[in-house]
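Take a first look at the sequence and the model below.

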Amino acid sequence: MINTSPKQGILLMNLGSPDSTEVKDVRRYLMEFLMDGRVIDYSYPWRLLLVGGIIVPFRAPKSAAAYRSIWTTEGSPLIVITKQLQEAVQQQIEAPVEIAMRYGNPSVAAAYDNLMKRLPALEEVIAVPLYPHFAMSSYETAVEHAKAVHKKGKYPFSLSFIKPFYNEPNYIQAMEESIIPYLQQEYDHILFSYHGVPQRHIHKSDITGNHCLKNENCCQTDSPAHAFCYRHQCFETTRLLTQKLNIPENKYSISFQSRLGKGWLEPFTDIRLAELPKEGKKKLVVLCPAFVSDCLETLEEIAVEGKEIFLHAGGESFTFVPCINTDAAWVNTITSWMKAYAEGERQMILQ
């Protein structure tokens, strides 16, 4: 059991899921999600017209069907796995641990209230956004939302955040351990499929204003912009993992999934899945390092739809590597951050 400050709480933050697979619940969830100005960064009137008038009415029934295909008896896989992670971390740490979703339930306010009930003398909350990489539409919106709820509720405790951990050694080690069992079989290629983002988000996050996506090697050229560059961080996670796993460059590639419209990061995962068999890569291993918890985008979009695309295009075997979910090494990684913090090491903390 790791000793922490007697007045400290831990908050694990994930994306969220609808309350059920009913279309009305999926519609409500999608409205909250897609109306976030850091997800679809258009002006409010145009965003409302686009989301409420076009995207959600068309997408909600399809998304509801997709959720039904992965829903468990306990509920949404993402919520269930995050709760399991909470329980596993709580077994190793004295501080109370709660979970919150950026969209849907349980809410950040509910998590703050629960921490206060469990620890009335609460003075500090360390939030862990469960996103390895910085992006406007994931890490940044989670942090800013948590701050806004904290300010609005006038909570008496201070609030700190774990930084994006895309290159943190313990996280990379946990990823490596989760991947190794799936590489014991024969394979032609490994595809690292990351969640896509619009290229304009990469430009907006460029603190230098003149580095990101300006040339082919921008992600390999040192720059302060990398601290906030999703694309660079995805490349870096891949580099570190393939280095640890001794995977040669000709045996792996990177793609981006879940695009919504034009102008998103390329190459696109669905297109690459259809192309790879034609390139002689017919035994494929696919993993999704942008996610730490399996969810709709991994279980349905990749493990089901992606597999179908690949096999239909002539692929012979498709191996999906689950997310690190509640792997012991991942649980130990989170608790190691809390231990380091308790011992005065604040490298992983964003004030």
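This is a predicted model: local features need pLDDT of at least 70, side-chain atom pairs count only at pLDDT 80 or more; totals for chains, interfaces and linings use all residues.

Residues are numbered from 1 along each chain as its sequence is written, and side-chain values use heavy atoms, with hydrogens and water left out.

Start with the sheet. Five strands make an open sheet with mixed pairing, in the order E2-E1-E3-E4-E9. E2 and strand E9 (349-350) are at the edges with a single partner strand each, so one side of each has no neighbour in the sheet. Helices (H or I, at least four residues) and strands (E, at least two) are DSSP runs, numbered from the N terminus. Two strands pair if DSSP finds at least two bridges between them.

Strand E1 (residues 8-14) pairs with E2 in the parallel sense, over five bridges. Ile 10 stands opposite Val 97 of E2. How many residues of strand E2 (residues 97-101) are buried? Five of its five are, so the strand is mostly covered, where buried means under 20% relative accessible area, exposed over 50%, and partly exposed in between (1.4 Å probe, protein chains only). Val 97, Ile 99 and Met 101 are buried on one side of E2, and Glu 98 and Ala 100 are buried on the other.

Strand E4 (residues 158-162) and E9 pair in the antiparallel sense over two bridges. Ile 162 has Ile 349 as its bridge partner in E9.

Next come the rings. The whole structure holds 17 aromatic pairs. The rings of Tyr 194 and Phe 256 have centres 6.4 Å apart and planes at 40 degrees, so this pair is tilted. Tyr 194 belongs to strand E5 (residues 189-195) and Phe 256 to strand E6 (residues 252-257), so the pair ties together parts that are 62 residues apart in sequence. Both Tyr 194 and Phe 256 are buried. Here is the rule for pairs: rings of Phe, Tyr and Trp (its six-membered ring) pair if their centres lie within 6.5 Å; planes under 30 degrees apart count as stacked, over 60 as edge-to-face and the rest as tilted. Ring pairs also link Phe 165, Tyr 171, Trp 330 and Trp 337 into a cluster.

Charges meet rings too. Lys 251 lies over the face of Tyr 187, at 4.4 Å from the ring centre. Over the ring of Phe 268 sits the charged end of Arg 259, 4.0 Å from the centre. A charge sits over a ring if NZ of Lys or CZ of Arg is within 6 Å of the ring centre and within 35 degrees of the ring normal.

On a 1 Å grid over the protein atoms alone, a cavity is a set of points where a 1.4 Å probe fits but cannot get out, and a pocket is an open set with protein on both sides within 12 Å along at least five of seven lines; lining residues have an atom within 4 Å of a point. There are two cavities of 30 Å³ or more. The largest cavity has a volume of about 60 Å³. Its lining includes Met 175, Leu 287, Phe 291 and Ile 324. The second largest cavity has a volume of about 40 Å³. Among the residues that line the second largest cavity are Phe 134, His 201 and Phe 228. Helix H7 (residues 199-205) gives the largest share of that lining, three residues. Grid points are joined across faces, edges and corners, and a volume is the space filled by probe spheres set on the points.

The second largest pocket has about 270 Å³ of space. Of its 15 lining residues, Phe 134, Tyr 139, Pro 164, Phe 228 and Leu 350 lie nearest its centre. Helix H5 (residues 136-153) gives the most to this lining, with five residues.

Finish with two loop residues. Ile 207 is in the loop between H7 and helix H8 (230-245). Ile 207 is exposed, with a relative accessible area of 53%. Lys 154 is found in the loop between H5 and E4. Lys 154 also counts as exposed, at 72% relative accessibility.
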